[in-house]
Every structure is written in structure tokens, then in C-alpha cells.
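Please keep the sequence and the model open beside the numbered points.

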Amino acid sequence: MRWTKTFIPTVKEIPGDAEVISHQLMIRAALIRKVASGAYTYLPLGFRSLRKAAQIVREEMDRAGALEIVMPILQPMELWQQTGRDEVFKEILLTATDHHGRVNVFSPTAEEVVTSLAAEIRSFRQLPVNFYQIHDKFRDEFRPQYGVIRSREFLMKDAYSFDATVEGLNESYKKMYDAYCRIFDRAGLKYVIVQADSGGMGGTDTEEFMVPSEIGDTLVATEDGTYWANIEKAQVDPLVLSDAAKAARAAAPAMAEVHTPNVGTIDAVCKFLGTQPADMIKTLVYAAHSPEDPKRKLVVAALVRGDHDVNESKLVGATGGGVILELADEATIRTVTGAAVGFAGPMTLAGKVGKLVVDHAVAAMGVGVTGANKTDHHVRNVVPGRDFPLAGANVVVADIRNATEADTWGGKKLKFSHGLEIGHVFKLGTKYSEKLGARFDDEKGQSQPCIMGCYGVGVNRILACAIEVGHDDKGIIWPISIAPYEVLIVPVGADRSENVRNVSEKLYADLLAAGVDVLIDDREARPGVKFNDADLIGVPIRVTIGDKALANGNIELKLRREPAPQLVPVANAASAVQETVARLFAELK
RNA sequence: CGGGGCGUAGCUCAGCCUGGUUAGAGCGCCUGGUUUGGGACCAGGAAGUCGGAGGUUCGAAUCCUCUCGCCCCGACCA
């Protein structure tokens with residue numbers, strides 16, 4: 001391709017609304033333009049990279065034996081109601097009502113549709129099977145952010161495996177897991193695989209492929225790196241009752257109410273009473289309901305230490321699973337606690353809520369301060385087990401909080417970092433197949449539900465992550481596999497030198513003929529402009545052709561990631577470029 | 001959904017507080033010239049419903065109301 005025949009509107013200035021480097025560079029390097037919040041146009045350069053990333057994914061899915069299909073983006077709401085996921089995804093579900101008054105959802109994922117397809121499976125002989133598509137997805141994110149990293153419309157590879165047995169599922173899962181490793185290796189991305197929370201998907205085991213980064217989700221790892229988990233999932237060793245805490249309990253006088261007018265928050269209470277957040281017991285009241293069983297509703301009280309955060313997915317687990325938790329509204333809190341929001345305490349709650357869930361760390365406290373269930377009042381000298389129960393029919397002690405840097409897992413200290421999710425693999429089980437009738441007859445003629453897995457890759461994020469971790473102050477440094485072009489020819493002074501023109505055009509033609517993905521900067525621009533644009537768009541191999549080196553019969557071959565060029569005789573130019581292309585690809589295997 | 005900020009030329013932004021003729025700059029674009037190995041220079045030029053609607057006023061980019069869009073922070077912490 002010739003620069004003057006395509007559309008590469010690079011920009012010098014940093015776009016005002018782009019916060020992170022990948023977003024800034026994607027706009028500056030003419031890969032994308034924003035159309036609306038969380039919606040982007042891919043320009044020729046960006047689309048070339050996106051297609052290359054998608055193609056890598058496709059090749060590895062095919063190699064793993066998955067079957068490519070395309071499912072509709074518009075899906076009937078009824079299908080979503082059948083699985084209860086209209087509720088689970090409620091807030092991010094983008095919908096459109098058609099002329100007949102039917103409600104359609106813009107697919108945020110496709111378990112329902114693919115499972116209704118799999119309902120055609122009749123026999124164990126047809127299993128296993130794995131369907132995938134590379135298609136747009138829509139999620140009405142609360143807050144689109146970081147350019148294409150969190151957009152409302154995005155390109156996702158979604159695969160769905162169907163197996164007859166759990167062992168089969170494990171194999172299908174492993175195949176996808178291995179395919180993902182190859183995909184991200186080929187895309188030149190360094191990644192870690194972390195234990196994750198299954199969130200709205202449901203299911204049991206799930207792992208995320210994360211690219212370490214300054215931004216993104218919080219990741220937790222043991223210091224020896226043997227355990228990695230998303231903060232949503234990260235486990236902690238339960239704190240145990242220390243001797244000091246035991247002694248404090250033994251010495252504790254009876255509970256004492258204190259007047260704390262308008263002092264509702266932890267910080268305010270600590271300041272008012274001169275205590276520490278770690279000595280506070282936070283009582284959070286949740287309303288839980290089940291998307292599968294509308295009659296299943298209960299109020300859940302969760303106790304965590306004042307310096308800890310409740311982890312809602314852990315709390316869902318401790319509650320028995322299968323429920324959606326929302327913080328209770330003010331009326332419910334008043335009913336349960338008899339006080340305004342901000343003054344709840346556990347003392348009398350066990351009898352008033354459906355479930356009282358106590359975090360390990362609270363159960364290990366000596367003496368605490370908490371709300372008095374009386375507006376504008378707190379109580380001191382609260383002893384767990386004495387003043388509120390740690391066991392009982394509707395009381396459980398469990399891990400329901402986020403890990404902190406003070407915690408350990410398996411006795412090892414935890415370190416925190418961040419990462420961007422580029423892939424996610426789930427073992428789903430039979431949740432969807434049972435509801436949507438994806439059943440088969442086994443060897444004995446018994447009808448069984450298919451055992452499912454699902455597997456996602458954010459294709460746009462592959463690009464954004466590659467840039468996030470591959471750039472310098474001049475621009476993008478692409479891995480060759482997903483660079484918009486593999487080679488950029490930069491003729492210098494072509495208007496003055498016939499020799500430059502001839503050598504450049506010859507090399508361009510030779511490379512095209514050899515199947516190299518080459519772009520030639522045929523603009524009548526000064527060299528500085530071309531070099532700066534070349535660095536900005538980040539094509540991995542640059543060939544500079546100018547009278548300077550041609551005087552000695554050479555062209556200059558420079559890698560984007562290296563500072564200095566290498567001189568190559570004109571006669572060897574095409575082969576040297578091809579070898580370099582091959583070498584860069586070989587590095588990604 | 002709550003809080004804050006922004007919306008003026010293709011892009012980045014100034015002007016607004018304290019209303020006053022033809023609304024500015026840099027970059028980009030067009031023309032001519034000089035330049036030519038890391039975002040050149042000179043001269044000339046085109047280009048703006050000042051996000052939209054309503055209001056106040058003799059007069060509104062500027063003040064007021066509503067509205068739309070975009071960005072950031074928060075998202076309930078008892």
C-alpha cells in the first residue's frame with residue numbers, strides 16, 4: 001500500500017479525552033476515532049491490526065477443533081428470561097424494541113443462543129462440539145473507559161463447548177486454555193493466568209488471562225508467584241483469635257452505648273471515639289433475591305472489620321449462591337435495625353435477618369465498636385460470640401472480604417498489581433443446557449444435559465494491551481503479528497533523486513511480490529515528518545532509502561524497537577527484509 | 001445514578017469572571033517561493049450555526065433557565 005492512497009491522519013497533539021497511553025496512541029497513530037462514548041470507528045490502519053488479531057484467534061480456534069459460526073446480535077429477550085440472565089445482566093443489557101413491540105437484546109454474550117442451537121444435539125456421538133464466533137458484542141457499561149479497553153461495542157471471540165462428561169469438559173477447557181496461550185504468545189503479549197470470579201456467567205472454575213499493566217483490574221499473587229487471582233476471587237488465610245484478643249475479650253466490660261450524633265461513617269466514628277477502623281465492626285445489610293426463583297428473597301447482614309471491604313461475590317457464595325445481592329434500601333434497613341442508615345450493629349440481627357454472615361476477621365476480633373441499632377448511637381465493648389452469635393441456624397463465619405496487603409494465602413504474603421483482561425475461560429456445567437433443553441442420549445439411552453464451557457477473547461483489547469505494554473515516547477512498537485504493516489519503506493529525497501525513486505519502487509514491488517505486508521511512504525514530506533510518523537504508527541521494520549546510504553550502495557534497515565539501523569547492500573535488500581520479517585515472526589512462536 | 005469539569009475553525013486550546021463594532025492563537029489544510037536525513041521558513045488564503053433551545057438586555061461566546069453530548073471521580077462502607 002502507498003501512504004498517499006490510504007488514509008492515515010496521524011495527530012501530533014494528545015487528544016484531550018484520552019487518559020491512558022494506548023488510547024492516546026490509538027488516536028494519534030490513526031487507528032481509531034471516537035464516534036460516541038464507548039463507540040469507535042476503526043480506520044484503515046486500526047482495522048488491519050484488528051483483522052490480524054482476529055485471524056490469529058481464528059487460526060488457533062480452528063486448530064483446536066472449534067467450529068466457526070455466526071450468531072445474531074439481535075436476540076429475543078424471551079431467551080434471556082428463560083435463563084434468568086435478563087436479571088443478572090440487567091444493568092448492562094442494551095435493548096431495542098422493534099415495530100411489533102418485541103424486545104430485543106443486543107448480545108453481550110451468547111450462551112442462550114448457542115445453547116438453543118445445541119438443543120439439536122441428540123446423541124453422545126455428536127459430542128464433544130465447540131462453536132465459536134468472532135462478532136460484535138454490546139454492553140451498556142456504567143462507565144466506558146480507556147478507549148477500546150472498555151467500550152460499549154466491542155469485538156469478541158466467544159466459544160462454547162458441549163461435552164457429555166465432566167472429563168470431556170476438562171479436556172475441552174484445556175484445549176481452549178492451550179489455544180489461548182498460543183494466541184497471546186503469537187500476539188506478542190506477556191500474560192498471567194489468574195483465578196477469577198465467574199460473575200454473571202455462573203459456573204465453577206474460571207481463569208482469566210491478564211496482561212500486567214498499570215491500569216485495570218486488581219490482581220493478587222503470593223510472593224512466590226505460585227498463586228494468582230483476581231481481587232474478586234483472591235482467597236486469604238482466615239485470621240485466628242490471638243492471645244491478646246482473647247485477653248481483651250476476657251477483660252471486656254459489658255457493652256456500653258455512646259451517643260454519636262450524625263456520625264455514621266467509619267472514619268467519622270473513629271475520629272469521634274478516638275478508635276481505629278480495625279477495631280470497628282461494619283454491618284452491611286443486603287437484600288438478596290434469586291433470578292431463578294422469584295420467591296427466594298432474604299435479607300443478609302454481612303459483618304466485616306472497619307478496615308476491610310466486603311467482597312460481594314464471596315458473600316453470594318457464603319449466602320448459598322445463586323442470588324443477586326443489592327444493598328438494602330433505607331426502609332429495609334430501618335425495619336431490620338430500627339435505626340437510620342449508618343448505625344447498624346450485629347447484636348440483635350441474627351433473629352431479624354435471613355442470614356448473618358460474619359467474616360473470619362470479625363470472628364477473630366477481641367473487642368469492637370459497632371452501630372447500636374439506634375440512630376445516632378454506637379456501642380463499645382462488643383465481644384464477638386458474647387454479644388452476637390458466631391454460630392447458629394442462620395449464622396455463618398466465612399471469608400467474605402477482599403484480600404489486603406496485610407493478608408496471607410497458604411501462609412505466603414500477598415502482593416498486589418494490576419492487569420487487563422484479554423481472555424477468560426469458564427467451566428459452566430449444565431446451567432444453560434438444562435434450562436434450554438440442550439440434552440443428548442448417552443450410551444445407555446439416558447437423556448443428559450450437555451456439560452458446557454465458555455471462552456472469551458477481547459480482540460480489541462489485544463491491540464490496546466499490545467500498545468499499553470509496547471510503546472515509547474515516540475509512539476507504538478507493534479509486535480509484527482498484529483502490526484498494521486510488517487514493513488515501512490521510507491524514501492528520503494525521492495523528488496530529487498531518481499536513484500532513490502528507483503530503488504524504493506523496486507524494493508516495494510519485490511516485497512509485494514514476495515507477499516510481504518509493506519507500506520511505502522510516498523508522500524512529498526520532509527524526512528523528519530516521515531520518521532516521526534513512522535515511529536508513531538510503529539511498523540516493526542523500517543527501510544530508509546536515501547542518497548546518503550545509496551552512495552555506498554546500501555539501504556538502511558531499522559527495527560522500530562532498536563535505536564540504530566543496519567546497512568544492507570541494495571542487491572540484498574528484499575531478501576534481508578524477508579529474513580527479518582521471518583525472524584520477528586519466529587520470535588513470537 | 002450522584003458529584004465535578006468541559007463543549008468556541010479539521011485538531012489542541014485562549015476569550016467568558018467584569019456583556020460592547022469585523023471572535024482569536026498554534027497545529028493542520030490550500031496557493032506561491034525558499035528549503036530538504038528527525039515534526040522547516042517566508043508570503044498569501046480558505047475555514048467557526050461559539051453544542052442546541054429559550055430568556056434577560058439597546059446589545060450575549062460571555063449573564064440566567066432548560067436541554068443534549070463528552071470527560072473525570074464516586075457508586076451504597078453502616
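1. Through how many residues does a hairpin join strand 30 to strand 31? The hairpin between strand 30 and strand 31 runs through six residues. Helices (H or I, at least four residues) and strands (E, at least two) are DSSP runs, numbered from the N terminus.

2. Before going further, please note that this is a predicted model, in which local features need pLDDT of at least 70 and side-chain atom pairs count only at pLDDT 80 or more, while totals for chains, interfaces and linings use all residues. Residues are numbered from 1 along each chain as its sequence is written, and chains are lettered from A and ligands numbered from 1 in the order in which they are written.

3. Chain A is divided into domain 1 (32–234 + 416–467), domain 2 (243–398) and domain 3 (476–587), with bounds that come from an automatic or database domain assignment. Taken over C-alpha atoms, the centres of domain 2 and domain 3 are 66 Å apart.

4. Val 543 stands opposite Leu 557 in strand 30, and Arg 542 stands opposite Lys 558 in strand 30. As background, the side chains in a regular strand alternate between the two faces of the sheet. Strand 30 and strand 31 also pair in the antiparallel sense, over four bridges, and Ile 555 has Val 568 in strand 31 as its bridge partner.

5. A second open sheet deserves a look: three strands with antiparallel pairing lie in the order 4-6-5. Strand 4 (74–76) and strand 5 (94–97) stand at the edges with a single partner strand each, so one side of each is left without a neighbour in the sheet. The twist here averages 40 degrees from one strand to the next. Strand 5 pairs with strand 6 (residues 103–106) in the antiparallel sense over four bridges, and Thr 95 stands opposite Val 105 in strand 6.

6. Turning to helix packing, the axes of helix 2 (residues 44–63) and helix 13 (residues 459–469) come within 9 Å and cross at roughly 115 degrees. On the side of helix 2 the contact includes Ser 49, Leu 50 and Ala 53, and on the side of helix 13 it includes Val 459, Asn 460 and Ile 462; residues are in contact if their C-beta atoms, placed from the backbone, lie within 7 Å. By class, the residues of this contact divide into seven nonpolar, two polar and no charged, where Ala, Val, Leu, Ile, Met, Phe, Trp, Tyr, Cys and Pro count as nonpolar, Asp, Glu, Lys and Arg as charged, and the others, Gly among them, as polar.

7. Around RNA strand B there are 51 residues, of which Gly 16, Thr 265, Ile 266, Gly 528 and Gly 546 come nearest; a residue is near if its C-beta atom, placed from the backbone, lies within 6 Å of the strand. Helix 15 gives the most to this surface, with eight residues. The surface has 21 nonpolar, 15 polar and 15 charged residues.

8. The peptide bond from Leu 127 to Pro 128 is cis, with omega near 0 degrees, and Pro 128 lies in the loop between helix 5 (111–118) and strand 7 (129–138). Asn 373, although not a glycine, has a positive phi of about 55 degrees.

Conventions. Pairing = 2+ DSSP bridges. Axes fitted to C-alpha atoms, helices over the stretch in contact; angles between N-to-C directions. Contact = placed C-beta atoms within 7 Å.
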